[in-house]
Amino acid sequence: MATTDEELYPRKILGYMEGFLVSKTLFTACELGVFELLNESWMSASQLAQVLNTSEDGTERLLSACVGLELLTAHTNPDGAVLYSNTEMSSVFLTKSSPKSLYHSIEYSSRTIYLCWHYLTDAVRDGKNQYEKAFGVNSKDLFEALYRSDEEMVKFMQLMNSIWNICGRDVVTAFNLSPFKCICDLGGCSGALAKQCVSAYPESTVTIFDLPKVVKTSRQHFGSDQDERISFCEGDFFKDALPQADLYILARILHDWTDQRSVELLVKIYQSCRQGGGVLLVESLLHEDNSGPLTAQLYSLNMLVQTEGRERKGSDYRRLLTAAGFTHVQIHTTGKIYDAILACK
């Protein structure tokens with residue numbers, strides 16, 4: 001018998017309602033180190049509980065839920081003991097040592113973003129970010145709030161590393177950037193996207209322009225494997241002169257800011273950009289009719305609780321770029337999380 005809408009709708013709504021249970025299960029398993037241990041060998045709930053210093057009952061329930069989420073696999077020994085191990089997905093994306101690990105992204109979501117989302121109702125009412133309520137810090141200076149401690153700065157940089165290790169090549173190869181030999185990545189953090197650039201375009205060099213304390217932290221925590229084609233320059237892209245370049249990259253930058261601040265920055269880039277040069281924007285684009293994609297719609301809510309900005313449509317970015325003087329705006333939707341926009345001077 002076919003399922004009627006009357007039967008389907010409550011299931012759908014309950015699924016939405018219970019989404020946070022899924023997130024928190026993933027967060028907890030990562031935080032406890034479940035996937036690290038089960039990447040090495042099969043273990044029972046009692047063995048894992050002993051290593052993690054957790055209750056056997058609670059551990060068994062967590063492992064069972066992870067099996068249901070296809071994060072773990074289980075089999076029963078001849079003696080009746082249930083043993084658990086990672087699925088391939090968890091070994092690739094949830095262990096710290098994997099080159100494609102999303103562990104730090106999950107950690108940041110759990111300990112920072114999740115706390116801000118507790119105040120989503122207030123954010124919708126007030127129309128502003130909720131750092132003060134979530135963390136007790138003044139958010140007048142957005143990045144002072146975002147980088148409110150050295151530990152928080154490192155966590156954010158690890159988040160960006162995990163994102164660009166997976167998504168970076170797609171966006172830097174969305175267009176042929178080989179004509180741009182001198183590239184400046186504004187707000188480039190530790191250089192994860194810059195590494196993707198020089199990997200895709202070996203003859204190019206990339207200067208990462210970021211706040212002095214970000215550059216210092218990058219060198220301390222992420223500098224051991226720096227490529228000689230990648231360098232750092234300290235400064236505030238709103239206040240200080242920008243390094244001259246053929247191409248400027250703004251990856252997940254403009255979505256932090258209002259239209260007015262975005263145009264202000266784009267004008268500054270246009271004035272610094274060499275003739276024939278350009279700017280590459282990397283953002284999660286909304287459909288022109290605002291019907292999706294859901295990921296971008298949810299990211300836009302996240303911008304509300306965390307920043308001054310929003311996710312935008314391709315036409316919105318075209319308008320901002322044109323207002324700053326750029327022409328020949330090309331928009332490339334990758335079909336993945338992040339899209340690319342290239343505009344030339």
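How many helices and strands does the secondary structure of the chain come to? The count is 16 helices and 10 strands. The model is predicted.

**View 1. Overall dimensions of the chain.** The C-alpha trace spans about 75 × 50 × 45 Å along its principal axes. The radius of gyration is 22 Å. A compact globule of 345 residues would have a value near 20 Å, so the chain agrees with that expectation.

View 2. Of the 345 residues in the chain, 49% are buried.

**View 3. Surface and charge.** The chain carries 32 positive and 43 negative charges. Their mean positions lie 6 Å apart.

**View 4. A three-stranded open sheet.** The strand order is S1-S3-S2. Pairing in this sheet is antiparallel. Strand S1 (43-44) and strand S2 (72-76) are the edge strands. Each of these two pairs on one side only.

**View 5. Close-up of the S1 and S3 pairing.** Strand S3 covers residues 82-86. Two bridges join S1 to S3, and the two strands run antiparallel. Which residue in S3 does Ser 44 stand opposite? That residue is Leu 83. Ser 44 belongs to the edge strand S1 (43-44).

Technical notes
Residues are numbered from 1 along each chain as its sequence is written. This is a predicted model: local features need pLDDT of at least 70, side-chain atom pairs count only at pLDDT 80 or more; totals for chains, interfaces and linings use all residues. Side-chain values use heavy atoms; hydrogens and water are left out. Helices (H or I, at least four residues) and strands (E, at least two) are DSSP runs, numbered from the N terminus. The radius of gyration is taken over C-alpha atoms; the globule rule is 2.2 Å times the number of residues to the power 0.38. Buried means under 20% relative accessible area, exposed over 50%, partly exposed in between (1.4 Å probe, protein chains only). Lys and Arg count as positive and Asp and Glu as negative; His and the chain ends are not counted. The place of a charge is taken as NZ of Lys, CZ of Arg, CG of Asp or CD of Glu. Two strands pair if DSSP finds at least two bridges between them.
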